[in-house]
2 protein chains.
Amino acid sequence: MAPRGETRERVLRTAAELFQRQGYHGTGLNQVLAESGAPKGSLYFHFPEGKEQLASESVALSGRTVGDALAEVVLAAPDGPAGLAALGDYFARNLLESDFGKGCPVATVALETAAESETIRAACDTAYGEWLGGLRVALLGWGVPEERVGPLATLVLSSLQGALMLARVQRDVSVVHQVTRQLAGLL
Amino acid sequence: MAPRGETRERVLRTAAELFQRQGYHGTGLNQVLAESGAPKGSLYFHFPEGKEQLASESVALSGRTVGDALAEVVLAAPDGPAGLAALGDYFARNLLESDFGKGCPVATVALETAAESETIRAACDTAYGEWLGGLRVALLGWGVPEERVGPLATLVLSSLQGALMLARVQRDVSVVHQVTRQLAGLL
DNA sequence: AAATCTATAGACCGGTCGGTCTAGTGTGGT
DNA sequence: ACCACACTAGACCGACCGGTCTATAGATTT
């Protein structure tokens with residue numbers, strides 16, 4: 001038998017990847033099970049509240065994973081413009097490597113379920129809240145005046161999210177760089 | 001019998017509304033049929049390529065509808081800041097009136113299907129292209145220098161799209177206003 | 001070694017999915 | 001009057017949906 005918690009994590013990671021690529025309603029539990037190699041019984045043992053719980057935890061996991069990666073990328077940058085460029089590069093690379101299959105790991109599920117499942121909506125809200133917090137810290141570190149940090153972090157997150165979506169639609173990452181370059185000019 | 005084309009349009013309008021609220025995979029054809037009062041045979045008579053065609057045309061319709069409304073709102077504005085504020089107000093009102101059910105009529109379907117259906121992806125791309133074109137014209141009219149118009153229109157569209165998504169997730173329109181206010185400061 | 005608990009395993013369920021098919025109905029042309 | 005044609009109407013299909021259930025295997029405790 002597999003070690004404690006191993007199956008749970010494998011299922012969760014598979015689900016996170018599929019939800020990111022195909023969205024909530026576009027991803028079937030059977031597919032998650034097939035790709036993770038787990039039987040149905042295990043799924044409902046580890047996630048007794050079913051698909052909703054699986055999606056909530058997937059969003060939380062993705063949010064944390066990407067949030068950590070972003071923090072690393074951003075904190076390594078010497079100044080604001082470099083940091084924003086690194087941010088854009090990070091997402092652009094993910095887009096290209098997945099043939100535009102993987103944009104924001106939260107956005108698709110967020111839009112699909114915001115009005116349908118309070119649980120998932122809250123998980124998405126939390127994930128974005130964490131990113132916003134990280135952005136504020138980074139902006140402060142780059143010398144942005146304290147009273148501008150809040151709105152600016154919001155603007156950066158919004159435009160990055162929009163750019164990520166447009167890039168998938170256009171199958172072209174240039175919009176991401178175009179946006180981050182202009183954001184850099186604001187600092 | 002209903003007049004020529006009447007059923008087709010009723011189905012299309014119902015579909016557009018449902019796709020906007022629930023996304024592509026979250027909307028069933030049976031629901032579209034039930035709400036529009038059409039039988040299944042009519043659907044496949046008017047849309048022989050099925051759900052994909054219905055979604056493509058819905059996106060095109062919504063894109064045109066909202067695009068026209070935006071053009072009206074924006075062209076009525078005396079200057080850039082007023083125009084951007086009007087843009088934000090338009091979307092914020094839609095969000096509030098629908099209890100955060102209706103954000104961008106294209107975004108959810110776009111994210112869900114960009115990697116899955118080339119047809120729908122192209123329709124979304126066209127819709128956003130039209131909006132971008134309208135934005136460029138408006139910016140030019142507000143005296144933005146010609147070489148800045150392209151990138152700036154992209155930034156406005158991106159950040160507005162991101163803000164619309166975040167607003168639904170946060171169930172709060174303030175992010176929309178926060179973003180349009182900062183964009184206005186860029187002109 | 002017996003008992004207990006965690007987790008796996010997958011058959012099974014009613015319901016809904018997108019899509020097809022055949023029959024019929026109202027309308028305009030001739 | 002008749003015929004085409006455009007459109008309506010909904011029964012029907014296999015596939016798949018999320019979810020439940022019972023049985024069992026492996027590890028852990030006593």
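Predicted model: local features only at pLDDT ≥ 70, side-chain atom pairs only at ≥ 80, totals over all residues.
I will start with the DNA. Around DNA strand D there are 20 residues, and those that come nearest are G28(A), G50(A), T7(B), G41(B) and S42(B). Which helices supply the surface here? From chain A, α2 (29-36) and α3 (40-46) each give at least two residues, and so does α3 (40-46) of chain B. The most comes from α3(B), with four residues. If we sort this surface near DNA strand D by class, we get nine polar, seven nonpolar and four charged residues.

Next, the core. The largest nonpolar core has 107 residues. Which residues have the most contacts inside it? They are C124(A) and C124(B). Take C124(B): leaving aside residues up to four places away in sequence, it touches V59(B), V106(B), V109(B) and A110(B), and also V169(A) from the other chain. As general background, nonpolar side chains tend to be buried together in soluble globular proteins.

Last, the contact between the chains. How many residues does each chain put in? Chain A gives 36 residues and chain B gives 36 residues. On the chain B side, α6 (107-113), α7 (118-141), α8 (146-170) and α9 (174-185) each supply at least two residues. The largest share of that side is from α8(B), at 15 residues. By class, the side of chain B that touches chain A has 18 nonpolar, 13 polar and five charged residues.

That is the end of the talk.

Terms used. Residues numbered from 1 in each chain as written. Chains lettered and ligands numbered in written order. Near = placed C-beta within 6 Å. Nonpolar A, V, L, I, M, F, W, Y, C, P; charged D, E, K, R; others polar. Core = buried A, V, L, I, M, F, W, Y, C linked by C-beta atoms within 7 Å. Buried ≥ 20, exposed ≤ 12 C-beta atoms within 10 Å, placed from the backbone. Contact = placed C-beta atoms within 7 Å.
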